[in-house]
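Thanks for coming, everyone. Let me put the structure up on the screen.

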Amino acid sequence: DGGITQSPKYLFRKEGQNVTLSCEQNLNHDAMYWYRQDPGQGLRLIYYSQIVNDFQKGDIAEGYSVSREKKESFPLTVTSAQKNPTAFYLCASSLPNGDTQYFGPGTRLTVL
Amino acid sequence: GESVGLHLPTLSVQEGDNSIINCAYSNSASDYFIWYKQESGKGPQFIIDIRSNMDKRQGQRVTVLLNKTVKHLSLQIAATQPGDSAVYFCAENIADSSYKLIFGSGTRLLVRP
């Protein structure tokens, strides 16, 4: 069963803590992406990776970090430097031509 | 239309009627467009796409129209069903090497039984 998985579905964090969100895909896609979505808003790009061991900042990268050590995995770390981390985080992947992106189910992060 | 804070533009339709959701895109260099459907608490789901060398594309119960002159995209849903209730996003891809999609702010579709 191919697709994109994100874990956990819900995540709670205390202020000042770093937390890592998981994203795995078995679609053999080269490109992967992380987006943030706030209530009633569209998607904003945090980071993207076109190939293993390479990634670029998106529009709102401050306070976040990523790694791309394997083709199928693109974890996102929300650091304590992110001032307002409570949001819905979405991971996506695509073929390298930049066309259709396929999304995972999302992780809802709440900072207590 | 554009969303303002928590207030997404909302389209309310009667079950069985046709729905038309509109999107104004930003860049005349965009060459690929996608419509996504997002149900509450879930990730966006691909519906249909269209390239800039086309002005119309049809899927199952859905049609996308592209007007490059006025940079306008629309999604038509025929015989709207309760399961169509969701937020719909358009996205554009600019013909450069960035591989990035630019998403619109979304329209909420409510289907009245």
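I'll start with chain B and then turn to its interface with chain A.

This is a predicted model, so local features need pLDDT of at least 70 and side-chain atom pairs count only at pLDDT 80 or more, while totals for chains, interfaces and linings use all residues. Residues are numbered from 1 along each chain as its sequence is written, chains are lettered from A in the order in which they are written, and side-chain values use heavy atoms, without hydrogens and water.

Chain B first. It has 0 helices and 10 strands. Strands here are DSSP runs of E, at least two residues; helices are runs of H or I, at least four; both are numbered from the N terminus. The C-alpha trace of chain B spans about 45 × 30 × 25 Å along its principal axes. Of the 113 residues in chain B, 42% are buried, meaning under 20% relative accessible area with a 1.4 Å probe, protein chains only.

Now the interface. How many residues does each chain bring to the contact? Chain B gives 25 and chain A gives 26. Contact means heavy atoms within 4.5 Å. About 1900 Å² is buried between the two chains, and carbon and sulfur atoms give 53% of that. Buried area is the accessible area (1.4 Å probe) lost when two parts are put together, summed over both. Across the interface of chain B and chain A there are 0 salt bridges, a salt bridge being a side-chain nitrogen of Lys or Arg within 4 Å of a carboxyl oxygen of Asp or Glu. On the chain B side, E3(B) gives the largest share, 4 residues.

Terms used
Buried means under 20% relative accessible area, exposed over 50%, partly exposed in between (1.4 Å probe, protein chains only).
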